[in-house]
Amino acid sequence: MRMLFCSDSKDLSRVEGSLEREWAAARAAGIRCELLWHDEAIDTPERSVRRLAARSQDVESELLLYRGWMFRPDRYERLLAALSGAGLRLINSPDQYKRCHWFCEWYPLLEGETPTSVWTTGVPPLDEIMQLLHQFGDR
């Protein structure tokens, strides 16, 4: 198994600063870690994957765990397809990824275990926003 971490956008040879401790812990645990330039993976995932595949061990369908900036679900699917074409696979399916990362997907599952929350799609008029917020009182 390998972990894919986002690289620092100003220095692609370094892990994104907010992930440095996780990078170090994974490496200390003996997990192979790779850097993935998030912007490139969004725009041209095939190019990012070629570099990863070149460093791949000869393991059929090597499992990858992604740790970094979020992707829109359609971009995640493109990355997953490019990885799959190179014999690499992400641990999360597109549906699992969306369920875990999109608040409105996971909130119903944990509603009783997390603070009350509301959301909208798009930007509603101010009166609708105030109506949604009314349930929170003066907090």
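Reader: Does Ser-48 count as buried or exposed?
Author: The model is a predicted one, in which local features need pLDDT of at least 70, side-chain atom pairs count only at pLDDT 80 or more, and totals for chains, interfaces and linings use all residues. Residues are numbered from 1 along each chain as its sequence is written, and side-chain values use heavy atoms, with hydrogens and water left out. Ser-48 is found in helix α3, where helices (H or I, at least four residues) and strands (E, at least two) are DSSP runs numbered from the N terminus. Given that buried means under 20% relative accessible area, exposed over 50% and partly exposed in between (1.4 Å probe, protein chains only), Ser-48, at 2% relative accessibility, counts as buried.

Reader: Leaving aside neighbours within four places in sequence, which residues is Ser-48 in contact with?
Author: Contact here means heavy atoms within 4.5 Å. With neighbours within four places in sequence left aside, the residues in contact with Ser-48 are Leu-36, Trp-37, Glu-40 and Ala-41.

Reader: Which element has the lowest mean pLDDT?
Author: The predictor's confidence in each residue, pLDDT, runs from 0 to 100, and the protein averages 89, with 94% of the residues scoring at least 70. Where pLDDT is low, the predicted coordinates should not be read in detail. Among the elements, helix α1 (residues 20-28) has the highest mean, 97, whereas the lowest, a mean of 80, belongs to helix α3 (residues 45-54).

Reader: Which residues does Glu-46 touch, not counting those up to four places away in sequence?
Author: Glu-46 is likewise found in helix α3, where it is partly exposed, with a relative accessible area of 41%. Its C-alpha atom lies 17 Å from that of Arg-72, a residue 26 places away in sequence. Once residues up to four places away in sequence are set aside, Glu-46 touches Arg-78 and Ala-82.

Reader: How far apart in sequence are the parts that the pair of Arg-2 and Glu-34 ties together?
Author: A salt bridge is a side-chain nitrogen of Lys or Arg within 4 Å of a carboxyl oxygen of Asp or Glu, and Arg-2 forms one with Glu-34, their closest N and O atoms being 3.1 Å apart. Both partners are buried, Arg-2 with a relative accessible area of 0% and Glu-34 with one of 8%. Because Arg-2 lies in strand β1 (residues 2-8) and Glu-34 in strand β3 (residues 32-36), the pair ties together parts whose separation in sequence is 32 residues.

Reader: At what angle do helix α4 and helix α5 pack?
Author: Two packed helices are described by the angle between their axes and the distance between the axes. Axes are lines fitted to C-alpha atoms, for helices over the stretch in contact, and angles run from 0 to 180 degrees between N-to-C directions. Pro-73, Tyr-76, Glu-77 and Leu-80 in α4 meet Pro-94, Tyr-97 and Lys-98 in α5. The axes of α4 (residues 73-85) and α5 (residues 94-101) are 10 Å apart, and the helices pack at an angle of about 145°.
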